[in-house]
Amino acid sequence: MAADTRVRETAPVPVRQGPAALLRWDVIVAVLLVAVCVAGAGTTGDFATADNLAFALDDLSEIALIALPMTLLVVAAEVDLSVASVLGLSSALLGALWNAGWAIETIIPLVVVIGAVCGLVNGLLVTRLGLPSLAVTIGTMTLYRGLAYVLLGTNAVSEFPQAYADLAADAIPGTPIPYPIALFVLLAAVTAIVLHATGIGRALFAMGANREAAFFAGIRVKRIKLLLFVLAGLVSAFAGVVYTLRYGSARADNAYGLELAVIAAVLVGGVDFNGGKGTLGGVVAGVLIIGLLRNLLMLRDVSTEIQSMVTGLLLIVSVLTPQVAARVRDLRRRPVPSEAPIEAKEPT
Amino acid sequence: MTQRTLGVVAAVAVLVLGAAACGGTTKQSTQKSDQGGAKATGSANPDAPLKKDLKLAFLPKQVNNPYMTILDGQGIAAAKEIGSTGKEVGPSDASASSQVSYINTLIQQRQDAILIAANDPNAVCGPLKRAMSREIAVVTYDSDAAKPCRDLFINQAGSEDIGRSQVRLAAQLTGGKGKIAVLSATANATNQNTWISYMKDELKKPQYKGLQLVKVAYGDDDDQKSFQQTQGLLQAYPDLKAIIAPTTVGIAAAARYVSSSKYQGKVVVTGLGTPNQMREFVKDGTVTKFELWDPKNLGYLATYAAASLKSGRISGKRGETFTAGKLGKRTIGADGEIILGPPTVFTKDNIDDYHF
């Protein structure tokens with residue numbers, strides 16, 4: 001009975017009309033995003049320039065790309081903390097092979113495949129051994145970062161071909177949109193369709209909301225999760241290529257700690273950390289709001305401590321608001337017996 | 001699942017091999033020859049007035065690093081002295097790429113000069129080039145960026161000065177007679193090895209013929225190991241007169257060992273250290289003199305260099321000179337380097353003026 005209620009409550013993309021829709025966090029985030037943009041354009045002339053937007057978006061490349069598979073994982077009630085380490089490993093491997101005289105056209109597909117293998121290891125440990133993904137990926141986070149150091153030590157490799165560096169750092173001529181972000185837009189559209197308009201997407205929400213129910217409904221939970229981890233590894237490794245070319249520097253410590261920024265963006269975007277709830281539109285807004293807010297604060301010379309505090313507060317508010325909203329909703333629904341929690345029946 | 005996965009892996013493998021077979025862009029095929037020094041553009045007019053109301057931005061390796069704070073603070077004060085404004089912005093971690101978004105922001109803010117201590121000489125290169133293309137003067141200090149990506153580099157002290165001056169200190173403190181040893185960082189540390197080679201060269205001069213370098217020990221910039229190496233040195237050479245440690249970790253560990261041993265007062269400890277680390281050993285008499293470049297002057301000089309560049313007094317060419325306030329005249333050396341000058345010697349009389 002309890003499980004039944006939960007599944008119904010967490011059905012994918014609940015269609016809510018009227019004022020109730022405004023309580024949805026992903027809608028609030030979109031509104032906040034617009035507010036940041038308006039505030040930015042209103043308070044400093046340096047914000048809403050094509051140049052600045054290109055910088056701000058370019059800075060988000062890796063976070064944005066990795067946020068896509070991370071959203072799918074979190075919706076399915078899993079998480080991957082090793083993404084930044086896979087990025088670092090990919091960067092280090094790229095540097096080591098480049099130094100060894102390999103062609104960049106060979107290195108890039110190879111590191112992406114290695115990234116997928118890293119994801120496969122995570123996925124196998126989680127799905128075949130049944131270990132919690134939080135623990136597994138804390139382990140592989142250190143493991144992959146360690147491998148990166150084994151490959152490159154504390155050295156840095158640079159001087160990558162200019163044509164590739166430009167592709168990673170430059171904006172599409174005439175627009176403020178850097179190439180990696182254009183790719184992100186494309187992939188985000190695909191991810192949105194998969195998550196919100198296909199059976200697989202519905203399966204992900206079902207798995208996140210109630211793993212056993214999903215299993216008994218015939219969803220191949222383990223296989224789908226395995227694929228998600230492989231995807232996360234693959235995208236992270238590709239993000240490593242982008243990162244390395246963008247900065248022109250392959251190092252083992254590249255993107256240290258980036259996994260937290262990615263997860264923050266996903267949560268700010270309104271995805272429930274317990275799985276089963278969230279929209280990709282919210283995540284895109286979450287990624288943008290974190291990036292643009294940081295950019296705006298930097299333009300206003302706000303110190304880095306305050307910047308992290310603002311992001312932290314935003315994260316807490318984003319986790320808290322849906323909870324509060326749910327309480328409010330529950331209170332309103334109290335008279336309806338089928339949806340009210342069991343304790344709530346006592347007064348009647 | 002396995003068949004399909006295998007299929008995908010196989011397809012990718014074929015792609016990889018195909019790409020490899022076709023050759024492609026390798027490091028060899030892209031070796032460029034742009035490793036020249038800073039390209040100085042335009043001509044300089046040494047008599048041009050120093051512009052006022054310039055906006056100078058200091059971008060340290062990381063904020064809240066005491067050494068960097070002193071350096072930038074003095075740079076900002078110097079900016080005020082010449083009627084301009086300075087500010088310090090930067091990341092809280094000293095990672096390779098975190099400075100990049102700050103550079104981009106400073107470009108947007110149309111600063112007149114960016115003064116940066118680079119965390120990674122290459123990662124900051126692209127954005128700094130972009131800044132230079134928008135007529136922003138780029139001056140590196142403390143830690144250089146790749147040469148084509150900045151106008152000037154303010155070097156805290158020339159390697160030669162640092163090496164030779166430590167021998168001079170040791171000679172002064174020992175009276176120029178006796179056995180001396182060097183306690184270095186790691187065996188392949190570039191900085192230390194350069195300095196030590198200058199030390200050895202300095203020791204060849206006739207006035208140091210009484211000094212005999214008996215050993216170079218390596219403490220690997222590890223406090224414990226440096227401590228043990230000091231102990232080992234003194235056991236092997238009980239009549240040792242001086243230990244020169246050209247590393248801040250080494251000198252502090254050596255001083256700590258000597259201060260609590262029977263050798264206190266008998267063996268001289270000197271080298272490169274920070275006043276905060278060495279204060280107690282200077283006060284208890286273990287250490288009489290040690291040296292390091294003065295971060296205050298480094299920030300000060302960086303500001304004057306940036307302002308002179310922006311005012312057209314210098315263009316970055318070798319041999320140009322400019323006046324850097326109270327520090328006097330400075331000359332641009334090879335590759336756009338300006339050397340701060342000989343290191344500052346710290347003694348019990350001046351150590352309390354320094355806090356880093």
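Visitor: Hi! How many residue pairs are in polar contact between chain B and chain A?
Guide: Hello! This is a predicted model, and the count between chain B and chain A is 19 residue pairs in polar contact, with both residues at pLDDT 80 or more.

Visitor: Which helices of chain B supply at least two residues each to the side that touches chain A?
Guide: Two helices do that: H1, residues 2-21, and H3, residues 98-108, both in chain B.

Visitor: And where does the largest share of that side come from?
Guide: From H3(B), with 6 residues of the side of chain B that touches chain A.

Visitor: What kinds of residues make up that side of chain B, then?
Guide: The side of chain B that touches chain A has 19 polar residues, 12 nonpolar ones and 8 charged ones.

Visitor: Speaking of charge, how many salt bridges does the rule find across the interface?
Guide: The rule finds 4 between chain B and chain A. One to look up in the structure is B:Lys87 with A:Asp301. Their closest N and O atoms are 2.6 Å apart.

Visitor: How many residues are in contact on each side?
Guide: On chain B there are 39, and they are in contact with 40 residues of chain A.

Visitor: What about the area buried between the two chains?
Guide: The size of an interface is often given as the accessible area lost when the parts come together. For chain B and chain A, the buried area is about 3,200 Å². Carbon and sulfur atoms give 51% of that area.

Visitor: New topic! Which residues touch the most other members in the largest nonpolar core?
Guide: Look in chain A for A:Met70, A:Phe160, A:Leu204, A:Met207 and A:Leu258. That core has 95 residues. Helix H13 of chain A, residues 221-247, gives the most to this core, with 13 residues.

Visitor: Let me zoom in on A:Met207. What does A:Met207 touch?
Guide: Leaving out residues up to four places away in sequence, A:Met207 touches A:Ala76, A:Ala214, A:Ile219, A:Val221, A:Ile224 and A:Lys225.

Visitor: Which residues does the second core include?
Guide: Among them are B:Leu71, B:Val139, B:Met278 and B:Tyr304. This second core is separate and has 69 residues.

Visitor: Back to chain B as a whole. How many helices and strands are there?
Guide: Chain B has 10 helices and 14 strands. Its C-alpha trace spans about 70 × 70 × 35 Å along the principal axes.

Visitor: Last one: how much of chain B counts as buried?
Guide: Of its 356 residues, 54% count as buried.

Terms used
Residues numbered from 1 in each chain as written. Chains lettered and ligands numbered in written order. Predicted model: local features only at pLDDT ≥ 70, side-chain atom pairs only at ≥ 80, totals over all residues. Heavy atoms only, no water. Contact = heavy atoms within 4.5 Å. Buried area = accessible area lost by both parts, 1.4 Å probe. Salt bridge = Lys/Arg side-chain N within 4 Å of Asp/Glu carboxyl O. Polar contact = N/O pair within 3.5 Å; in protein donor to acceptor, adjacent residues only side chain to side chain. Helix = DSSP H or I, 4+ residues; strand = E, 2+ residues; numbered from the N terminus. Nonpolar A, V, L, I, M, F, W, Y, C, P; charged D, E, K, R; others polar. Core = buried A, V, L, I, M, F, W, Y, C linked by side-chain atoms within 4.5 Å. Buried < 20%, exposed > 50% of the residue type's maximum accessible area, 1.4 Å probe, protein only.
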